[in-house]
Amino acid sequence: MSSFATTEVCDAHASHLANGDLQALGPVFKTYGQCRAFSGPVCTLKVFEDNVLVGTILRPKGKEGF
C-alpha cells in the first residue's frame, strides 16, 4: 500500500473539500498492531447504551475484536 499525507490529498482536491464531497478525520486513532494505515469507507455508528449487538454482527466468527 502506498502512503500519502492527508495534507497532500486535501491540497490536490480543495474543491471537493469546499463542497463537502471530501472530509478528513481528525487524528483520533491509535495503532494497535502491525497495520499503520488502511483505506476504504468509514462510518460512525451511534448506539443506545451498548454496542454488543453491533459487535456480534461485525466480528468474524472465532475472532476477538473488529
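This passage describes the fold, surface and confidence of a predicted model of one protein chain.

The secondary structure of the protein chain consists of three helices, with zero strands. Read from the N terminus, the order of elements is α-α-α. Helix 2 covers residues 14-19 and helix 3 covers residues 52-58, and a loop lies between these two helices.

Confidence was examined for the chain and for its elements. The mean pLDDT of the protein chain is 79, and a value of 70 or more is reached by 89% of its residues. Among the elements, helix 2 has the highest mean pLDDT, at 92, whereas the lowest, 80, belongs to helix 3. Where pLDDT is low, predicted coordinates should not be read in detail.

The protein chain has 66 residues, of which 3% count as buried. A nonpolar patch on the surface is formed by Leu 25, Val 28, Phe 29, Phe 38 and Val 42. Together, these residues have about 570 Å² of accessible area. One of them, Val 28, is located in the loop between helix 2 and helix 3. Val 28 counts as exposed because its relative accessibility is 66%, above the cut-off of 50%.

The loop between helix 2 and helix 3 also contains Glu 49. The phi of Glu 49 is positive, at about 65°, although this residue is not a glycine. Most residues other than glycine have a negative phi. With a relative accessibility of 71%, Glu 49 counts as exposed.

Technical notes: Residues are numbered from 1 along each chain as its sequence is written. This is a predicted model: local features need pLDDT of at least 70, side-chain atom pairs count only at pLDDT 80 or more; totals for chains, interfaces and linings use all residues. Side-chain values use heavy atoms; hydrogens and water are left out. Helices (H or I, at least four residues) and strands (E, at least two) are DSSP runs, numbered from the N terminus. Buried means under 20% relative accessible area, exposed over 50%, partly exposed in between (1.4 Å probe, protein chains only). Patches are made of residues with over 30% relative accessible area and no salt bridge: like charges are joined within 9 Å, nonpolar side chains (Val, Leu, Ile, Met, Phe, Trp, Tyr) within 5 Å. Accessible areas come from the Shrake-Rupley method with a 1.4 Å probe; for residues, only the protein chains shown count as cover. A salt bridge is a side-chain nitrogen of Lys or Arg within 4 Å of a carboxyl oxygen of Asp or Glu. pLDDT is the predictor's confidence in each residue, from 0 to 100.
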